[in-house]
Amino acid sequence: MPPSLHSFPRSFFFCCFLLLSLFLLLLLLVPLSSSSSGAPNDKVTVSLYYESLCPYCADFIVNHLVRLFQTDLISIVNLRLVPWGNAWIAPNASIICQHGEDECFLNTIEACTITIYPDMMQHFRFVECLERLSLEGRHRQWMNCFQMTGLGTSPIDCYTSGNGKTIDLKYAKETSELKPLHRFVPWVVVNKQALQEDYRNFVTYICRAYKGKVIPSACRSSLSARTYDESNEKGNNSFIPVCYADEARNLTIHFGNKIKQ
C-alpha cells in the first residue's frame with residue numbers, strides 16, 4: 001500500500017518549500033546579474049574623432065585606446081571611431097586633409113572598414129594595424145592589414161564605388177556638429193563630454209560615467225587612476241600631443257598662396 005500524504009513529516013514539506021523558494025529566487029537574480037555588466041543601457045559611449053596620418057592619433061590608438069581590449073573595460077564600452085579629423089570640404093566639393101591625399105584615402109578606407117565590419121573588435125583590429133604602420137612610417141603597406149586581421153577587401157570596393165565618400169560626408173557632418181567644436185585631434189568624447197586636453201585620462205572618465213552594478217576590474221585597478229595632470233601641463237606650457245585644426249587650414253592657405261605666386 002503506497003504511503004499517504006499524512007505519513008510524510010512536516011519537515012519534509014518545509015524543506016521542499018524552502019528549496020522551491022531558493023530556486024525561484026535564483027531565477028530572478030541570474031538575469032539581473034548577467035545584464036548589469038555590459039547591458040546596453042549601462043554602456044559608456046566613447047567616440048574618437050581622428051585622422052589616419054596624425055601621429056598623435058596613431059599613438060593614442062595603438063598605445064592607449066587599445067587598453068579597452070586588453071582589459072575588461074570593453075564589456076562596458078560602446079566604442080565609436082570617426083575618421084575625419086581636421087579634414088574639410090573645399091568650395092569645389094573636394095575633400096582636403098591635413099596630411100595630404102594619402103590621409104584622405106586612408107580615412108576613407110578606415111571609414112569603409114568600420115561600416116562594412118560593424119563589430120568593434122573586427123574593425124578596431126584593422127584600424128590599429130593601419131595606425132601602427134603609420135607610426136612606423138609604413139602606411140603605404142596598409143593592404144597588409146587585410147591579411148593580418150583576416151578581413152576581406154570589401155573596403156576597397158567601397159572606396160572605388162564612391163560609397164566611401166558618402167560615409168566621409170556623414171562623418172564630416174557629425175564632426176562639424178560637435179559641441180564644443182573640436183579644436184584638434186585626437187578628440188575624445190565620453191557620454192557626450194568632450195575630454196579636450198585631458199583625453200589621455202579617458203579610462204578615468206569611462207569608470208566615472210559607468211552606472212552599472214558590476215564594476216570592471218580595470219576600474220578598480222591602477223588603470224583607472226589619472227596618468228596625466230592637465231593642470232600641471234597648462235601651468236608649465238607643456239606640449240600637448242595633438243594635431244590642431246587651425247594649423248591644417250593655415251598650412252593649406254600658405255601653400256595655396258605660394259602656388260598662386
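**Entry 1: a pocket and its lining**

I am working with a predicted model. I began with the second largest pocket, which is lined by Thr45, Ser47, Tyr49, Arg80, Leu178, Lys179, Trp187, Val189, Asn191, Lys192 and Ala194. I looked up its space and found about 190 Å³. Rolling a probe the size of a water molecule over the atoms shows where empty space is left.

Which strand gives the most to this lining? I found that S1 does, with 3 residues. Strand S1 covers 44-50, and strand S6 (187-190) also supplies at least two residues of the lining. I then sorted the lining by residue type and got 5 nonpolar, 3 polar and 3 charged.

**Entry 2: Asn191, from the lining**

I picked asparagine 191 out of the list, as one of the residues lining the second largest pocket. I placed asparagine 191 in the loop between S6 and strand S7 (193-194). Its phi is near 50 degrees, which is a positive value in a residue other than glycine. Is asparagine 191 buried or exposed, or partly exposed? Its relative accessible area is 37%, so I noted it as partly exposed.

**Entry 3: Gln193, in strand S7**

I moved on to glutamine 193, which lies in strand S7. With a relative accessible area of 42%, glutamine 193 is partly exposed. I left aside its neighbours within four places in sequence and found contacts with Val188 and Tyr205. Glutamine 193 and tyrosine 205 are 12 residues apart along the chain, and 9.1 Å separates their C-alpha atoms.

**Entry 4: two cis bonds**

The bond from lysine 179 to proline 180 is cis, with omega near 0 degrees. I found proline 180 in the loop between helix H8 (163-176) and S5. Lysine 179 was already in my notes, as one of the residues lining the second largest pocket.

The bond from valine 185 to proline 186 is cis too, and its omega is near 5 degrees. Where does proline 186 sit? I placed it in the loop between S5 and S6.

**Entry 5: Phe184, in strand S5**

Strand S5 covers residues 184-185, and phenylalanine 184 is found there. I asked myself: is phenylalanine 184 buried or exposed? Its relative accessibility is 0%, and the cut-off for buried is under 20%, so phenylalanine 184 counts as buried.

What does phenylalanine 184 touch, not counting residues up to four places away in sequence? My list reads Asn86, Gln196, Glu197, Val242, Cys243, Tyr244 and Ala245. I also checked phenylalanine 184 against proline 241: they are 57 residues apart in sequence, and their C-alpha atoms are 9.7 Å apart in space.

**Entry 6: two loop residues**

I looked up alanine 93 and found it in the loop between strand S3 (88-89) and strand S4 (95-96). Phi of alanine 93 is near 75 degrees, again a positive value in a residue other than glycine. Alanine 93 has 42% relative accessibility, so it counts as partly exposed.

Glycine 137 is in the loop between helix H5 (120-135) and helix H6 (144-149). I noted glycine 137 as exposed because its relative accessible area is 62%. Between glycine 137 and proline 55 I counted 82 residues in sequence, with 9.7 Å in space from C-alpha to C-alpha.

**Entry 7: the nonpolar cores**

Which residues touch the most other members of the largest nonpolar core? I found Leu68, Leu79 and Ile206, in a core of 55 residues. Not counting residues up to four places away in sequence, leucine 68 touches Leu73, Ile74, Val77, Leu79, Phe202 and Ile206. I also noted a second, separate core of 12 residues, with Leu53, Leu106, Tyr117 and Leu130 among them.

**Entry 8: the whole chain**

Last, I stepped back to the chain. How many helices and strands does it have? I wrote down 12 helices and 8 strands. The chain has 261 residues, and 43% of them are buried. Its accessible surface comes to about 14900 Å², with 59% belonging to carbon and sulfur atoms. Taking contacts between residues at least 6 apart in sequence, I found that 73% join residues at least 24 apart.

Key:
Residues are numbered from 1 along each chain as its sequence is written. This is a predicted model: local features need pLDDT of at least 70, side-chain atom pairs count only at pLDDT 80 or more; totals for chains, interfaces and linings use all residues. Side-chain values use heavy atoms; hydrogens and water are left out. On a 1 Å grid over the protein atoms alone, a cavity is a set of points where a 1.4 Å probe fits but cannot get out, and a pocket is an open set with protein on both sides within 12 Å along at least five of seven lines; lining residues have an atom within 4 Å of a point. Grid points are joined across faces, edges and corners, and a volume is the space filled by probe spheres set on the points. Helices (H or I, at least four residues) and strands (E, at least two) are DSSP runs, numbered from the N terminus. Ala, Val, Leu, Ile, Met, Phe, Trp, Tyr, Cys and Pro count as nonpolar, Asp, Glu, Lys and Arg as charged, and the others, Gly among them, as polar. Buried means under 20% relative accessible area, exposed over 50%, partly exposed in between (1.4 Å probe, protein chains only). Contact means heavy atoms within 4.5 Å. Accessible areas come from the Shrake-Rupley method with a 1.4 Å probe; for residues, only the protein chains shown count as cover. A nonpolar core is a set of buried Ala, Val, Leu, Ile, Met, Phe, Trp, Tyr and Cys residues joined through side-chain atoms within 4.5 Å.
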